[in-house]
Amino acid sequence: MENKNKIYYSVKMLLILVLFVFIEQRLVAQQQVQYTQYMYTPSLVNPAYVGLDEEMKVSILHRSQWVGIKGAPTSQTLFLSTPIGERLGFGFGVTRDEIGPANETNATLDLSYVLQLNDRGLYFSFGMKGGLQLLNVDFDKLITHNPNDPSLNENINSRVTPNIGTGFYLYSNDWYLGFSAPNLLRTKHYNKSSISTVSSSTHFYFIGGKSFNLNNNTKLKPAFMLRSVTGTPIAVDLSLNFLFNNNFTTGISYRPGATISGLLDFKINKQLSLGYAYDYDISDIGYFSGGSHEILLRYRFNKIIENVKQPSWLF
């Protein structure tokens with residue numbers, strides 16, 4: 001019983017530390033949500049992905065992290081991606097994140113341009129991202145040791161700051177590699193103003209995957225994503241998905257030292273797809289968390305571009 005109390009106290013202190021670090025990071029620089037279903041929505045971190053297929057797509061994504069813990073992070077994203085020509089792609093997204101007393105809304109516009117590198121199906125896509133961030137922090141929601149702390153006396157209300165980002169994809173029909181830095185600006189918030197400069201602690205994302213035809217009805221689609229930022233360990237996501245009859249996908253994902261996840265995705269009809277992911281925490285926080293849940297809804301419109309061969313790795 002004594003060991004359990006020690007674990008509870010350690011986890012409680014860890015959560016308090018994570019909360020304050022998260023808020024401080026939100027005040028200093030825009031941060032990215034890490035979704036388990038990243039292979040379905042890579043445009044959230046890499047603008048070079050938008051418009052790579054011939055259809056317009058709208059995606060709605062919800063994530064509830066560490067279910068059962070008060071003030072735990074939640075995120076919602078609405079994203080549209082479409083080709084606007086054989087070479088150009090366009091994307092628009094709105095993301096809202098909330099943790100404890102802080103909530104943040106990001107609106108972004110993405111543009112991409114595709115180059116064919118050879119006649120054997122090798123392509124290079126380059127993308128740019130621009131947007132605005134709206135930040136609110138209500139320090140009154142915090143239980144503090146010193147309620148008169150001057151750094152917590154003034155809330156942040158609807159603070160607007162800019163952002164820019166960039167990325168690229170190198171891909172063929174059955175494999176892809178992508179690299180991106182979706183937040184190049186670092187924003188410092190002061191009592192009544194904010195200043196945005198080029199960041200020295202930018203998040204970098206390296207993503208890749210491949211599609212294997214196991215038989216006429218089954219494809220194996222392994223994927224990975226690495227996230228790096230100065231001063232912190234590299235975050236790793238590894239996933240393995242099986243696609244059956246181009247209609248149903250099931251798979252697993254692993255974040256070393258953090259979570260093991262199960263993924264499901266199926267087509268309700270030709271236009272509508274529904275995905276779900278559950279993260280089981282393998283760290284100490286798993287003693288008190290019910291895990292994390294993600295729900296993804298995607299709608300495909302009619303083809304914008306005809307006679308374009310989609311890469312087999314696209315979901």
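Modeller: Strands here are DSSP runs of E of at least two residues, and helices are runs of H or I of at least four, both numbered from the N terminus. The model is a predicted one. On that assignment, the protein has 1 helix and 17 strands.

The residue I take is Ser112, which belongs to strand S4, residues 102-116. The cut-off for buried is under 20% relative accessible area. Ser112 has 3% relative accessibility and therefore counts as buried. A polar atom of the Ser112 side chain lies 2.7 Å from the backbone oxygen of Val50. Leaving out residues up to four places away in sequence, Ser112 touches Pro47, Ala48 and Val50, then Arg87, Leu88 and Gly89, and also Ser125, Phe126 and Gly127.

Now the wider setting. Of the protein's 315 residues, 44% count as buried. Among contacts with a separation of 6 or more, 56% are between residues 24 or more positions apart.

Charged side chains come next. Side chains of opposite charge can pair when their charged atoms come close. The structure holds 11 salt bridges. One of them joins Arg300 and Asp53, at 3.9 Å from N to O. Arg300 sits in strand S17 and Asp53 in the loop between helix H1 (2-28) and strand S1 (55-64), so this pair ties together parts 247 residues apart in sequence. Arg300 also meets Glu55 in a salt bridge, at 2.8 Å from N to O. Because Glu55 is in strand S1 and Arg300 in strand S17, that pair ties together parts 245 residues apart in sequence. Arg300 and Asp53 are buried, and Glu55 is buried as well.

Another salt bridge has Arg298 and Asp265 as partners, with the closest N and O atoms 2.9 Å apart. Arg298 is in strand S17 and Asp265 in strand S15, so this pair links distant parts of the chain, 33 residues apart. Both residues are buried. A network of salt bridges links Arg63, Asp237, Arg255, Asp279 and Glu294.

A nonpolar surface patch has about 810 Å² of accessible area in total, and its members include Ile60, Phe244, Phe266, Tyr276 and Leu297. Strand S15 (259-267) and strand S17 (292-303) are the elements that give two or more residues to this patch. Tyr276 belongs to strand S16, residues 272-281. Its relative accessible area is 32%, so Tyr276 is partly exposed.

Last, the aromatic rings, of which a search of the whole structure finds 15 pairs. The rings of Phe168 and Phe179 have centres 6.1 Å apart and planes at 40 degrees, so the pair is tilted. Phe168 is in strand S6 (residues 156-171) and Phe179 in strand S7 (residues 175-181), so the pair ties together parts 11 residues apart in sequence. Phe168, with a relative accessible area of 31%, is partly exposed, and Phe179 counts as partly exposed at 33% relative accessibility. Ring pairs also link Tyr49, Tyr123, Tyr169, Tyr171, Tyr176 and Trp313 into a cluster.

Conventions: Residues are numbered from 1 along each chain as its sequence is written. This is a predicted model: local features need pLDDT of at least 70, side-chain atom pairs count only at pLDDT 80 or more; totals for chains, interfaces and linings use all residues. Side-chain values use heavy atoms; hydrogens and water are left out. Buried means under 20% relative accessible area, exposed over 50%, partly exposed in between (1.4 Å probe, protein chains only). A polar contact is a pair of N or O atoms within 3.5 Å; within protein, one must be able to donate a hydrogen and the other to accept it, and residues adjacent in sequence count only if both atoms are side-chain atoms. Contact means heavy atoms within 4.5 Å. Patches are made of residues with over 30% relative accessible area and no salt bridge: like charges are joined within 9 Å, nonpolar side chains (Val, Leu, Ile, Met, Phe, Trp, Tyr) within 5 Å. Accessible areas come from the Shrake-Rupley method with a 1.4 Å probe; for residues, only the protein chains shown count as cover. A salt bridge is a side-chain nitrogen of Lys or Arg within 4 Å of a carboxyl oxygen of Asp or Glu. Rings of Phe, Tyr and Trp (its six-membered ring) pair if their centres lie within 6.5 Å; planes under 30 degrees apart count as stacked, over 60 as edge-to-face and the rest as tilted.
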